[in-house]
Amino acid sequence: MGVELTDLERRPADRDEINWVTASFMMLFHLGAIAALFFFTWKAFFVAVVLWWMATSLGIGMCYHRLLTHRGYKVPKWLEYTLTVFATLALEGGPIFWVATHRIHHKYSDHEGDPHSPIDGKWWAHMGWILMGKSMHHDTSTLARYVPDLAKDKFHVWITKYHYVPMIVLGVALLAIGGWKFVLWGIFFRTVMGLHFTWLVNSATHSWGTRRFETRDLSTNSWWVAILSWGEGWHNNHHAHPVSARHGLKWYEIDANWYGIWLMKKLGLAKQIHTTKLETIQRVEQGIQETAQFAAPETQPELVSAQL
């Protein structure tokens, strides 16, 4: 496709320097979202809901996060690429920068080097890190170190450089089908809502909630963030067991992204699915406690997983 990893390199901004291109688009989309409220129709609303699901559930949660970043399961390449295109509709950038940022987050979570920790301020964790600094503008050496798998894939390199193209195509299509009301709701309103719901995972679930697992970060489980983000709010579960494609570990922990992966498995599209079962973890912990009575304590494994 003629695009190399070096073509993605951009000059990073200093921490106190505003990324004016990003800030301008954020302002434009927020103004568009406000304008949408004055042009409400049920058709436009339902278009927005469907596109929100496609972009943030199928795209961000199931693809960028659980598939590309953590490799919690595998799908055919054609499906991986399709889901990747859906993810670009969330206005969160291309897969290489998104995955690199998230892998860095897990490495330094709530410590020095974390791109979006509330330790640096809740506003920073929610949105400030997007508007300022270098978090979304990694150099080539950083990308090669954190995303060597995606850096070898020509499609992912290409779509990262031209991640705005699917959004433009969608906008033109919505304008032709339903006029400006479809554009305001299907592009501006649903994108802004999707962004804030996703950012809540970075800010809210590292600030408030419950902790099932003792992790080295501030991650928590938040039921209301989970509802808004299709299951990504079970964040303490995720940080304790990052490879698991399932984040909601109890029946009442609603995890729509996991339901989608489970459905793809039933359709024969998803394979090598890593999951974590709470019962297995509890048995392992009980075994470690019993062993500790007779021997020196051993390090508990980071992940207890099974492939479906």
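Here is a friendly chat about a predicted model, taken one feature at a time.

Colleague: Is Thr101 buried or exposed?

Modeller: Thr101 is found in α4, and its side chain reaches the backbone oxygen of Phe97 at 2.9 Å. Buried means under 20% relative accessible area. Thr101 has 3% relative accessibility, so it counts as buried.

Colleague: Which element gives the most residues to the largest nonpolar core?

Modeller: That core has 50 residues, and Tyr73, Ile187, Ile261 and Met264 have the most contacts inside it. Several elements give two or more residues to this core, including α1, α3, α9 and α12. With twelve residues, the element that gives the most is α2.

Colleague: Which side chain does the side chain of Asn237 join in a polar contact?

Modeller: Asn237 sits in helix α11, residues 235–240, and at 2% relative accessibility it counts as buried. Leaving aside neighbours within four places in sequence, its contacts include Arg212, His247 and Glu253. The polar contact, at 3.0 Å, is with the side chain of Asn221.

Colleague: Now for the rings: are the planes of Trp52 and Trp230 stacked, edge-to-face or tilted?

Modeller: Planes under 30 degrees apart count as stacked, over 60 as edge-to-face and the rest as tilted. The ring centres of Trp52 and Trp230 are 4.6 Å apart and their planes are at 45°, so the pair is tilted.

Colleague: How many residues apart in sequence are the parts that this pair ties together?

Modeller: Both Trp52 and Trp230 are buried. Trp52 lies in helix α2 and Trp230 in the loop between α10 and α11, so the pair ties together parts whose separation in sequence, in residues, is 178.

Colleague: What is the angle between the planes of Tyr162 and Tyr164?

Modeller: Tyr162 counts as partly exposed at 26% relative accessibility, and Tyr164 counts as partly exposed at 41%. Their rings form an edge-to-face pair, 6.4 Å centre to centre, and the angle between the planes is 70°.

Colleague: Which residue has its charged end over the ring of Tyr162?

Modeller: A charge counts as sitting over a ring if, among other conditions, it is within 6 Å of the ring centre. Here the charged end is 5.9 Å from the centre of the Tyr162 ring, and the residue is Lys161.

Conventions:
Residues numbered from 1 in each chain as written. Predicted model: local features only at pLDDT ≥ 70, side-chain atom pairs only at ≥ 80, totals over all residues. Heavy atoms only, no water. Helix = DSSP H or I, 4+ residues; strand = E, 2+ residues; numbered from the N terminus. Buried < 20%, exposed > 50% of the residue type's maximum accessible area, 1.4 Å probe, protein only. Polar contact = N/O pair within 3.5 Å; in protein donor to acceptor, adjacent residues only side chain to side chain. Core = buried A, V, L, I, M, F, W, Y, C linked by side-chain atoms within 4.5 Å. Contact = heavy atoms within 4.5 Å. Phe/Tyr/Trp six-rings, centres within 6.5 Å; stacked < 30°, edge-to-face > 60°. Lys NZ or Arg CZ within 6 Å of the ring centre and 35° of its normal.
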